[in-house]
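Student: I should like to learn how to read a model of this kind. May we go through it one feature at a time?

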Amino acid sequence: MNIGDFETGTDPEAPHKIIGTFFGNARNYYRLSARPKEDFENRFDVQVLDEELKALHKLILAKDKKYDDRRFAIEAQFEHDVDLHDKAPILAILPETYLEDDAYIKRITKLGAEILTYPVYPLRKEYFYYSIYERLDQFYNRRGFYNV
Amino acid sequence: MFKLTSFLDISGGQPGMLIPLISSPNTNLPYVQQMDEYLVVKALVPFLEYENYSIVQTTTQQNVVVGDQGLVAFRLPDGTIFSGNVAEVLEYIEAHEELIARSVCLRTQLNRVRSAEYHVSYDGWRDVANSVFDDPEQRKLWLDAEMSHFQKQDLMWEEIDPAEPASDEDKKAGLQGSLDEYGLDFLILWLSRRANFEAKGWTSVWHHVNAAMPFDERLSELGVTWMYAMSDQDPDLQQSKTILYSLLQRQSALAINWSDLAKFLGERFGSDPFLIFGYMRPPALFSTLLRLLAVQGFADDAIKLIQFCISEVPKDEFVSVALQDAIQAMLAERSNDDVARDQDQEWVKTLQALSEQVRAFQQQPERASF
């Protein structure tokens, strides 16, 4: 397939539709938790020849380390610039040892960002990732970002 | 046997947890521990980003063995540093509760190490929240996140991949449990099977064998072969980084065909020079890589990369030294070869101009830019 085959056009509702179709809701999308195969195929009447649809659904479920969580990223393009300098960060997730650094914490707070932390021990890369994503999931949920 | 050498200070000089850096007597690579939920060492992995942190040196003699309890280290409120295994940490906490309690943050971090019960942990989190945050909403947000994390601990560890290789390929090869259980020749055989190249943990196995057999040429050849084979799956050369670092450490001691490797790398960096940003640290990696490309790679690729570095990379002293060294090595190569000197006059002129640019930069009192 070519990259153009993945374009959804200019429909501003397209991301919601994609998420609704493959995941059911925004939180499941964040967690890359797809609808079960049977539910997906029955609900949308996926036929034998709909190989591309089946492949996309399979891609979400792929556990192969060759694919990371960008495998179902939805890219939005705008005609105008989005100036990230105008927007203050809303959340910083830090190692918990940083809490002792008063000046650092004050500086982040002054930016308007809220603060969450993750544990340093046990030392394990996957544990750090999991803890950070878990914190972010909780934050999104608490702030209502999934209610779209 | 891996030995404790120093600590990464992720606490910014304050009381809190530190990360032990360890080394093998046979390689120059620094390693860190990978642990499971019981703080048992499951793997030792090379760690090249140590320059991003403050380092605290230690003279304490401690060893780390895969499969044993790992080293846990922390700085106390009085500035002293403790490191030991879980049993030693528990003993220490019991004997020094008053001192530890002077830092509410450290006490909370150690509560996690000793698997304190919920109500004990909660008291600690509440004290931290009250002490660190002024805003009640922020306090509640942080406190709720800690509680949620505590409740989800078991679930999280269930979902995290086990540290031991577990894919079908790994199972076929029989690599279960600690690598220490396998003979080195068996591991070399496992590494050399092309079917295992994509197996999770290939680089860990390579480093394990490399630490035990630092002068075995088979390891160099395997490392290079693996890098070639993985070039499609590793477009940003990040998986290859620690292997390449180790190979470059071996370069002067062993005689394998480094010219092919240099040309392979030169082509990768030549087509995407931004990749060099991932190879700036540690400085020894940057300088040996640049020299390899300069002396054994294609001159075009090396010159292109040097030009890119002069224009784009941070202007640290080690960068200019490495660039000048690479340029001079290329010039020396050409002056040693009469035939090449005639053919390469254009390159020589370019290199001399580049050398001047670097020299001018080196002489500037303030190293703002080239």
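Tutor: Let us begin with the largest nonpolar core, which has 88 residues; Leu293(B), Ala302(B), Ile306(B), Leu323(B) and Ala326(B) touch the most other members. The largest share of this core, seven residues, comes from H12(B). This is a predicted model: local features need pLDDT of at least 70, side-chain atom pairs count only at pLDDT 80 or more, and totals for chains, interfaces and linings use all residues. Residues are numbered from 1 along each chain as its sequence is written, and chains are lettered from A and ligands numbered from 1 in the order in which they are written.

Student: What is a nonpolar core?

Tutor: In soluble globular proteins, nonpolar side chains tend to be buried together. A core is a set of buried Ala, Val, Leu, Ile, Met, Phe, Trp, Tyr and Cys residues joined through C-beta atoms within 7 Å. A residue is buried if 20 or more other C-beta atoms lie within 10 Å of its own, exposed if 12 or fewer, and partly exposed in between, with C-beta atoms placed from the backbone.

Student: Which residues does Leu323(B) touch?

Tutor: Two residues are in contact if their C-beta atoms, placed from the backbone, lie within 7 Å. Leaving out residues up to four places away in sequence, Leu323(B) touches Leu290(B), Ile306(B), Cys309(B), Ile310(B) and Val358(B).

Student: Which residues of H12(B) are buried?

Tutor: Helices (H or I, at least four residues) and strands (E, at least two) are DSSP runs, numbered from the N terminus. Helix H12 of chain B covers residues 283-296. Its buried residues include Leu285(B), Phe286(B), Leu289(B) and Leu290(B). Among the elements that cover the buried residues of H12(B) are helix H10 (241-250) and helix H14 (317-335) of chain B.

Student: Why does Leu94(A) count as partly exposed?

Tutor: Leu94(A) counts as partly exposed because it has 16 C-beta neighbours inside 10 Å. Leu94(A) is found in strand E1 (residues 91-95) of chain A.

Student: How many residues of chain B are in contact with chain A?

Tutor: On the side of chain B there are 36 residues, in contact with 26 residues of chain A. The largest share of that side of chain B, nine residues, comes from H5(B).

Student: Where in chain B is confidence lowest?

Tutor: Where pLDDT is low, the predicted coordinates should not be read in detail. pLDDT is the predictor's confidence in each residue, from 0 to 100. In chain B, confidence is lowest in helix H6 (residues 168-173), at a mean of 48.

Notes
Expected span 1.5 Å × (residues − 1).
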